[in-house]
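Reader: I am new to this structure and would like to know what the labels applied to it rest on. Please take the terms one by one.

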Amino acid sequence: MVVFITRRVLQSVIALLVMSALIFIGVFAIGNPIDILINPQADQAEIARATAALGLDQPMWVQYWEFLRHAVTGDLGRSFSQNMPAVQLIFERMPATVELALCAMLFAIVLGVPLGLVAGIKPDAWYSKTIMAGSIFGFSLPTFWVGLMMIMVFSVYLGWLPSTGRGHTTQLFGIPVSFLNWDGITHLMMPALNLALFKLSLLIRLTRSGTREAMLQDYVKFARAKGLPMRRIVGVHVLKNIMIPIVTVIGLEFGSLIAFAIVTETIFAWPGMGKLLIDSINVLDRPVIVAYVLIIVCLFVIINLVVDLLYSMLDPRVRLAEARA
Amino acid sequence: MIARLLTAVLLVVATAPVLPAAAVELVIGLAADVTSIDPHNNNAAPNNSIAEQIFNKLIENDPRQNLKPGLAESWRTIDDLTWEFKLRRGVKFHDGSEFTAADVAYSIERPGIINTPGGFTIYTRSIIDKIIVDPYTIRLKTATPYPNMPTDMAGLIIVSSKAARDATNADFDSGKATIGTGPWKFVRYAKGDRIELARNDNYWGPKPAWDKVTFRLITSDPSRIAALLAGDVQMIEVVPTADFARLKTNNNITVFTTVSNRMIHLHLDSSRDKSPFITDKAGKPLDKNPLKDARVRKAISKAINRNAIVERVMEGLAIPAGQLMPEGFFGVSPNLKAEVYDPEGAKKLLAEAGYPDGFGITLHGPNNRYVNDEQIVQAVAQMLARVGIATKVETLPFSVYVSRANKIEFSAALLGWGVTTGEATYPLRSLAATYSAPKGLGTWNWGRYSNPPMDALLEQGLATVDNAKREKLLQQATELLINDSGLIPLHYQVNTWAARKGLVYGPRTDERTYAHEVRPAP
């Protein structure tokens, strides 16, 4: 176990180094942040002064070395455009995104797994076919379009839900969250559902195919022969056996929900970190881009670790120390 | 039945106009992100628009960007090197302290102390000394005659020397240091989400009509429109051209428009002997640069059908441009009109210049910066093709585009220029003057156009304090530039706002959305 975790940590350090270098080279290739940040009224002397103040007059490897030197002390640099520590900017925005992603994942699991089970147990029933057809829509319709349609229907025509923004927030352990009051919940519902749609369809399909396969297994037949009620067969035996691929996918997809909620956040004006990333890319705010990606890499590393630990609980045959991560 | 009734009731509620008379709170949807509340941190329009409602400047801009008294009641030159500002008496900051000349002196120092990349030192760099004559009089000394001092002071926010001293960016975002003299007091700033302000009942000017205002940051165009239609916000700025016609016919919505100070134009590579994207018609590099010839540049200008761009691409939300700024700004020449579409004349000029069959060129432009920028470039390319100039189009995200254009990598490039100062020295100095780093001229002259007689007029204008004389010089300089086709103006943008019925906004050329200028309809 300890060996396993140590190896994981070492691997992630290498991943972090590679990612930071790639972004440095990438942003350097795109252009000069000063060209966008500077007020157009500035003259050449002012531009030169600002360039030097941000250290952008140095060769790229010097800039990268400076970044690494500060990074080991935990300082990932200050945002060019907002003049604030990049990490602070991201952590300020993180609760909103994590809340949205958690809520979306909850929607996806609570709706996706049962619907998938239903469709897997009775594959030929009309409602199963409806579920599967629905999941195709969930897969193929673009997020931004569905989001806009939801706003048009639920806010503009029906007036049931607020169109955009994050509602009233309450403090929970010092973190502002919006799911503890009604205003916050009404604001959270549409973006969460919008973000969940794709994952929901994915989970339906995954659960269905897993269920169909499991239903043909000998242990199900045996359980039936033994006279176990259907509820117990599906709820305990089938579900437990199809859980491993589902947990993997939930884990991986949760990371991507947090990292790439950008489209939903933009459509619903949700003040999360995805919007921060897009804005930062548009003005080549390199410290924020680098810090964002490094934080996301860490997030994926942690999620993968948790998933691996969950495996060993779900399936006693998995031994972590031998697993090649 | 009950469900149906309920739906009907909800429908009525949703479509009923929001009555501003009953609502004391105003909610406005903004189109661009506000990144900081510190008024000296980042000189970007969305930030300035908010700061200017909490704070004041010595001199304010009216909706047409004419200068009007702000915290200064009057200003004049004592001699060629000294400006004197008489300050308004009895003005109180939000914390109750009195506004005096010391606050002005500190506000002029602060941009240089905090030192940020997109900062405000451009407005203070000309000042070499500040003399506080008495608490209500301050004199500013410059090294050379400096007529643009009032314009600069119309860009610099005055903060409280007590509250802002040693304050960090975070102190402003939290409201601790956000103590101004303006019509609104700071309440709350949630990054990426909203800014909440409350009315300052002790404001020295006309008081806002609302107790509270919330600015929601809704950067996605369709979402902003939806928020307005749903009644979540009562007013939005920057209506997308595609939705404008539909909103205009909506009975619950009123739209407001005015010409913008932003001019969209083309820079043509006019000084190099060889230009990177100039080819013959077969696509082989040309060892001559036709754009050096003023006749070729004029031909390009004549080949562009500006009315068609305005009608088709901009859906009527633009005005054909014939010079650097729309009518009514300081330094606009009465003799210049938008170039008339004349393809035959263009062909004739090309033939005279020795290119009867035209040549090949690539037109570059951004694709995420100005209203419909990509479509404009494509339309211009088709028009040029019609007079024999085989034109390719390449559009790039602005972040990539601006860096390459600043390195003069293009032969023809589209740029938009918002004349935030409201007068002609700014565009002339930045876009048209001969590039010179020591003089600080021609910083954005992407065509490296050079016209020494025009430079002379401009430099004379930059040092002439007499307003009438200066305006004449700037008009002449603009005429020299446009008649020589030093750059090709296409159109001025139109600024748009849309509000629920019952609200009135006096639209502004400077794209600002001021809550205190939103009023209930009489």
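Author: Domain bounds here come from an automatic or database domain assignment. On that basis chain A is divided into domain 1 (2–71) and domain 2 (91–322). The model is a predicted one.

Reader: What separates the centres of domain 1 of chain A and domain 2 of chain A?

Author: Taken over C-alpha atoms, the two centres are 33 Å apart. The domains still touch: the contact takes 21 residues from domain 1 of chain A and 16 residues from domain 2 of chain A.

Reader: What area do domain 1 of chain A and domain 2 of chain A bury between them?

Author: About 1700 Å², and 80% of it lies on carbon and sulfur atoms. Between these domains the count of salt bridges is zero, and one residue pair is in polar contact. Helix 1 (2–30), helix 2 (33–37) and helix 4 (60–71) of chain A each supply at least two residues of the side of domain 1 that touches domain 2. Helix 1 of chain A gives the most to that side, with 13 residues.

Reader: Which classes of residue make up the side of domain 1 of chain A that touches domain 2 of chain A?

Author: That side has 14 nonpolar, five polar and two charged residues.

Reader: How many residues of chain B and of chain A are in contact?

Author: 55 residues of chain B are in contact with 49 residues of chain A. The area buried between the chains is about 4200 Å², of which carbon and sulfur atoms give 50%. B:Pro117, B:Lys191 and B:Ser399 supply 15% of the area that chain B buries against chain A, more than any other three residues.

Reader: Why is the meeting of A:Glu92 and B:Lys191 called a salt bridge?

Author: The term needs a side-chain nitrogen of Lys or Arg within 4 Å of a carboxyl oxygen of Asp or Glu. The side chains of A:Glu92 and B:Lys191 are 3.8 Å apart, N to O, so the pair is called a salt bridge. Across the interface of chain B and chain A there are two salt bridges, along with 19 residue pairs in polar contact.

Reader: Which element of chain B gives the largest share of the side that touches chain A?

Author: Helix 7 of chain B, with six residues. By class, the side of chain B that touches chain A has 21 nonpolar, 25 polar and nine charged residues.

Reader: Is B:Ile218 buried or exposed, and what makes it so?

Author: Buried means under 20% relative accessible area. B:Ile218 has 0%, so B:Ile218 is buried. B:Ile218 is found in the loop between strand 12 and helix 7 of chain B. Its contacts include A:Thr164 and A:Ala269 in chain A, and B:Leu30 and B:Ala31 in chain B. B:Ile218 and B:Ala31 are 187 residues apart along the chain, yet 5.6 Å separates their C-alpha atoms.

Reader: How do you know whether B:Glu196 is buried or exposed?

Author: By the same cut-off of 20%. The relative accessible area of B:Glu196 is 11%, which is under 20%, so B:Glu196 is buried. B:Glu196 lies in strand 11 (residues 194–199) of chain B. Among the residues that B:Glu196 touches are B:Lys185, B:Arg188 and B:Lys212.

Technical notes: Residues are numbered from 1 along each chain as its sequence is written. Chains are lettered from A and ligands numbered from 1 in the order in which they are written. This is a predicted model: local features need pLDDT of at least 70, side-chain atom pairs count only at pLDDT 80 or more; totals for chains, interfaces and linings use all residues. Side-chain values use heavy atoms; hydrogens and water are left out. Contact means heavy atoms within 4.5 Å. Buried area is the accessible area (1.4 Å probe) that two parts lose on being put together, summed over both. A polar contact is a pair of N or O atoms within 3.5 Å; within protein, one must be able to donate a hydrogen and the other to accept it, and residues adjacent in sequence count only if both atoms are side-chain atoms. Helices (H or I, at least four residues) and strands (E, at least two) are DSSP runs, numbered from the N terminus. Ala, Val, Leu, Ile, Met, Phe, Trp, Tyr, Cys and Pro count as nonpolar, Asp, Glu, Lys and Arg as charged, and the others, Gly among them, as polar. Buried means under 20% relative accessible area, exposed over 50%, partly exposed in between (1.4 Å probe, protein chains only). Lists of a residue's contacts leave out its neighbours within four places in sequence.
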